[in-house]
Amino acid sequence: MTLEKFLNNAVSSWMSAEGPESDIILSSRIRLARNLSNVKFPTLFSNDEAGEIMSKIDEIINSENLQSLGKMEFLSIDNIKSLEKRVLVEKHLISPQLAEHSSHGAVILSENEDISIMINEEDHIRIQCLFPGLQLDKALEKANRIDDLLEDKVDYAFDEDLGYLTSCPSNVGTGLRASVMVHLPALIMTRQMNRIIPAINQLGLVVRGIYGEGTEALGNIFQISNQITLGKSEKDIVDDLTGVVQQIIAQERSAREALVKTSNIQLEDRVYRSYGILANSRIIETKEAAECLSDVRLGIDAGYINNVSKNILNELMILTQPGFLQQYAGGPLRPVERDIKRATMIRERLQLKDKEC
């Protein structure tokens, strides 16, 4: 298993599987932040101390008790090119902070990319587990298993009153960040999201863009996650988020049904216009591509389109990102060149599907 394997495949193998509520919930993610005791946090440590942490975690990952997780690949961030790091960010395998700001950082990836352990990001260790659909419970179970295996080998920075100690005060306590990636086109079309987001925030949750804090909700895709990590158990955090997400699922489905009932021909026309743009454009920007892909995915879920799979759309949402396009092209591209390459790639992928059908 090599870096090229993670770079060349747009869709992680776990993304190809169907999960519960996968018409609306694209993925569930659990992230645990951990730090080693008696070691300076990444905001303060030296390069030598960072290197020692990397070596220690690499040794632990290769130890016998972690082999039960399957084959894992240790990748040093310092040895990964800027464009390659951007691709890993676009696939949600590393954070923008690890890609852009971490010195002497690393990531440990499982073969099917459902496990990502970031080293020396904001904290010494960040365990991430990804599952398709709404499966926060299973993701938490897997993350806790990894956490237990690591804790057998190292002492965590932990306070009896506060819980796990982290670089950012907002993560102190459980160190848990649970999130789901949701596709909510109908709530956007019916202009209900402006009402829903403030209500979600009042419940101690936050709505962000597709790549987390400070990013845009491309293609009507949002991340919903917890803000509170102190004073609640891991199970309570996951249960609270799951409960809110289930309500959002119900509201999105209701909005879709209303659109089909009251604006059926207009919705069908919008879906097929977007499909036509994707299938015929010679130049297309990231935002327009994401919007059209969102419409087509809604059309698949609504039964308008039967010859395109949701997996292709998952693939294209990543393939059409700037980093992946340039990686595929073999080097940097100017913005207009990326837009031309994006249109070509979408056309070719849709035509390939037509031949398969």
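The structure holds 0 disulfides, a disulfide being a pair of cysteine sulfur atoms within 2.5 Å. Select Cys 168, which is partly exposed at 25% relative accessible area, and then Cys 292, which is buried at 5%; buried means under 20%, exposed over 50% and partly exposed in between, with a 1.4 Å probe and protein chains only. This is a predicted model, in which local features need pLDDT of at least 70 and side-chain atom pairs count only at pLDDT 80 or more, while totals for chains, interfaces and linings use all residues. Residues are numbered from 1 along each chain as its sequence is written, and side-chain values use heavy atoms, with hydrogens and water left out.

Next, select Ala 50 in helix H2 (residues 47–61), where helices are DSSP runs of H or I with at least four residues, numbered from the N terminus. Ala 50 counts as buried, because its relative accessibility is 0%. From its C-alpha atom to that of Met 181, 131 residues along the chain, the separation is 32 Å.

Finally, select Ile 283, in the loop between helix H9 (264–280) and helix H10 (286–302), which is partly exposed at 45%. Ile 283, Val 336 and Ile 340 form a nonpolar patch on the surface.

Technical notes
Helix = DSSP H or I, 4+ residues; strand = E, 2+ residues; numbered from the N terminus. Patch = residues over 30% accessible without salt bridge, like charges linked within 9 Å, V, L, I, M, F, W, Y side chains within 5 Å. Areas by Shrake-Rupley, 256 points an atom, 1.4 Å probe, with all protein chains shown as cover. Salt bridge = Lys/Arg side-chain N within 4 Å of Asp/Glu carboxyl O.
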